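Thanks for coming, everyone. I'll keep this quick. Please look at the model on the screen while I talk.

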Amino acid sequence: MERLMKIDRRIIYLLGAAIVFLTMLYPLGLPVAISDLARQTYNEVENLPDDAVVILSPMYDSGAMGELNPMFVALFRHCAERGYKIIIVNTQWVQGPQIVHKFATEIAEEYGYVYGEDWINLGSKPGAAIFLQTAVKDFWEACIEDFNGQPVESYPIMQLVPKVTAEYVDACLVLNCGTPGAPEWLAYVCQPEGIKLVIGEIQMSVPESMPYVQSGQYAGMIAGSRGCAEYEQLIGHPGQALKAQDTMSAIALMVTLFIILGNIGYLATRKK
Amino acid sequence: MMWFLAQEEAKPVLGLFVEGTIVDIIVVLLLGILIWVMVSRARTGRPIPEIKKIAGLEAIDEAIGRATEMGRPVTFIPGILSVSNAQTLAAFGVASHVARQCARYDTRLLVLTCDPLPYAVLEEITRQSYLEEGRPDAFNPDDVRFLSAEQFAFASAVIGVYERERPAANIMIGAFYAESMIFAETASFQGMISIGGTAHTHQLPFFVAACDYALIGEEIYAASAYLSKEPVLYGTVVGQDILKILVWIIILIGGIVATVNPETTFGKLFEF
Amino acid sequence: MNISTDPAIWTQAICILAVYTYLYKDNPIWRLAETVYLALATTYWFVFYFFTYIQPAIVDKAIGEGEWHYFLAVILGLMIFFRYIPSVAWLARYPMSFWVGYGTGYILSFEPAVWLTQITSTFLALNSIQNILIFIGVLSTLTYFFFTLAKENPVVGGVAEVGKWYIMIALGSAFGNTVLYRWNLFVARANTLLFDWLGVGQA
Amino acid sequence: MRKEGPMIVTVLSSLVVLFSNYFFLGQQWGLTDRLDYWFNISYGIALALGFVNLTIIHWKYVQRRREGWVYSVILLLVMYGYLLLGIVEQHTGPTFSWIYDNMMTVLGAAVFSLLAFLISSAAYRAFRIRTKEATILLVCAIFILLARAPIGDAIWSRWSYWGNEWFMGVLNTAGYRGILLGAYVGAFAVALRILLGLERAHLGGTGTQ
């Protein structure tokens, strides 16, 4: 029993890595059931008007890209498929727009999206909450230049959005991994202006965001990698997140097993 | 409920406020007045509602007592953020109590910091506490340490201290991120008594599951106010508490009204 | 197996492996990787904002369009660097107090509305198990955080105890989700190692 | 002017914002329109503080030959080398972006994925059902863990339904809302302390670090 409590940590590490590699090479293909939340989120994006303008905000950096990149891809693809105009901009998370730029460029090409007309990457701006309020008052002045260093006024797509208000913007899709993030978009843009807010949340923070989903403040939420796998199925483009689900199953089993093992050892030694 | 109705009528008459901000202003004013009154009463020593004893605090004394019996040191970590964070300030309040207890029982206290500013403040707090307990000679400035400003380097350094100094009690109060898990795990594995407290809900599971006692969220502010009796902190916690009790009553009324009359517009009152 | 010949992929793989040496123990390779990351991230931040925001504000707006007031903002921002000159360090407090005060104003202007919506959406008709559970949960959790009411009082204490259960359930769910989140991040790195670098499963 | 001045600026600037957002007249005047840009630009400039701070801290380490100073030398070299490259090429330059794509983001992502391993061994070595609370927490954690991965449904077809709709959607929502309601009040209280001049921590941070 003592031994059950003293498995070397490196054995756990190796086992974990082995499980990940094996399930990636030999996937089981377990079905991923689609939750009501994913369906609701999909419908919120799907049912925007055909000429909708959406802001897609990658509020993350390299630390969270493993989970949020697939969400960005799924959302960008969904919007492109529906023919929405897509504006990429964030605040404070300086790496975000550069990380997503290559995915956006690839998918845009696939759908014949023209940069500056159908989509634009405005880059990252300092100021957090106050940048968001500035964007509500005067979007051009708040952003000054796009990702490539051209004045934002020079692009046709920006002519559609002088301000981030419900009149010009149909929805904000925010990929959230910390502060500032979706709660700031909610408080400073979406709730006061009455713009629909759909978020992509890292799995870790999904529980924290549930109260906002229940209250309707988040119209929809892609709930972590699992939620993204469901969303990928709904838009009919299985991607990275769906592939990862088998690995997640194996990992969930492994961690459960280890917790139980550790506690059996604990209970046994405690009784002595 | 009269004041809601009064405001509802006052808005068009006065024409003073932006639409939909009346209740927000009331909330801000109310909390402002509560805090102001409580803080000034606490400063002048007039009676205000008392903060009741928090169970985690007894655990702190118990842990220090155990360390004393075993003749091994106590470690204190104030999180990894700087002094502008409210959690770090709460940690200072607890630190002073811990330092006094350690001085009183002649137990060695190691304070480990990840930011230069809390380091400077904590050195002063510890020195002062030893002085007030009449043990200035027992204070060793080398026991308050600035280990590293980088998160993981700090984590490694703390583990190093745990392994070399073999403390018997480990107290962690403040703003923690991923390192919380590493500390709690090592402390538990080495058989230390640990007490963890943070307002970061994403780190709380680790403290609850791996520490012997956890201070949950707001409890760290209350603990600090209770221990330090610092009027600003004390008054604020009491002021907040009164507002929370009011919210509790309003939610109860809201639920009852909604049950009795599902068509009610009670909730709409809060949108003015 | 079809190992990549792309130097970019090799660089990525080396970086990843260097970081994972930490799992064996704290070692110089890991510290080197951590140091390089910190240095690059700090510099990238600086360079990116400079070219996409600061420079356009100064060159295009202030000088180009003659909007002189932008200079005031620039000077205000630069004042923070006075903190490195002890004799005038106090001047650095001015921009700091502007940012803090300004941010405070915004918090008090916009956050209460979000908070109030959280309150009003708890005004649930108690006609379904879900609603009743949410209603009880919110009230009891809130009770747990009352610090001026004695938990020795059986009513307050009892309700707070229920609240504690809710908090534990919430934290348990946070833990379960966090485990999967962390492993997801590893899966993304494993993708790079396995498929991009080693080319496993490719012709 | 050293203590009162900043205090006055703090209180005034928050009052201006409150006036502009709450009062009809304030909104009409648009006092904050220009101040917003000032905030964004000055704040953007001050973000260079991190860069300068790091330089100073590590320069001191090198001077004092503090333990691990070699890493400080490397840090400074990489920082200034990359800066030089950035100045020459700008942020869209090919080499600058190459380093960004293939080193920086990869290192960042790898560092955070380390936690996958650490969390698993922590779960095994430290998570004990030593208290009633910890027991509830662990049972819920395992239930949610299996509900969020497809394996739960493979074991019992209703697992993810109960996990997502009931545990996450009802019990967890209620618990987190309770925590959130309190946390918001806490945030307002800190803001009000600043507004009332009771909180000065943000003004203490002067002088070299």
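Predicted model: local features only at pLDDT ≥ 70, side-chain atom pairs only at ≥ 80, totals over all residues.

What is it built from? From the N terminus on, the order is α-α-α-α-α-α. The radius of gyration of chain C is 27 Å, well over the 17 Å that the globule rule gives for 203 residues, so chain C is more spread out than a compact globule. Along the principal axes, its C-alpha atoms fill a box of roughly 65 × 60 × 35 Å. Of the 203 residues, 55% count as buried.

Now the partner. How many residues of chain C are in contact with chain D? The count is 100, and they meet 100 residues of chain D. On the chain C side, the elements giving two or more residues are α1 (7–20), α2 (28–64), α3 (69–78), α4 (93–120), α5 (129–144) and α6 (154–197). That side divides into 69 nonpolar, 24 polar and 7 charged residues.

Next, chain B, helix α7, residues 179–189. Here 10 of the 11 residues are buried, so the helix is largely enclosed by the rest of the structure. Among the buried ones are M181(B), I182(B) and F183(B). E179(B) and E185(B) are buried too.

What covers them? From chain B, the cover includes β1 (74–79), α6 (151–165), β4 (169–175), β5 (193–198) and α8 (204–210). After α7(B) comes G191(B), with a positive phi near 75 degrees.

That's my tour. Over to you.

Conventions: Residues numbered from 1 in each chain as written. Chains lettered and ligands numbered in written order. Contact = placed C-beta atoms within 7 Å. Helix = DSSP H or I, 4+ residues; strand = E, 2+ residues; numbered from the N terminus. Nonpolar A, V, L, I, M, F, W, Y, C, P; charged D, E, K, R; others polar. Rg over C-alpha atoms; globule rule 2.2 N^0.38 Å. Buried ≥ 20, exposed ≤ 12 C-beta atoms within 10 Å, placed from the backbone.
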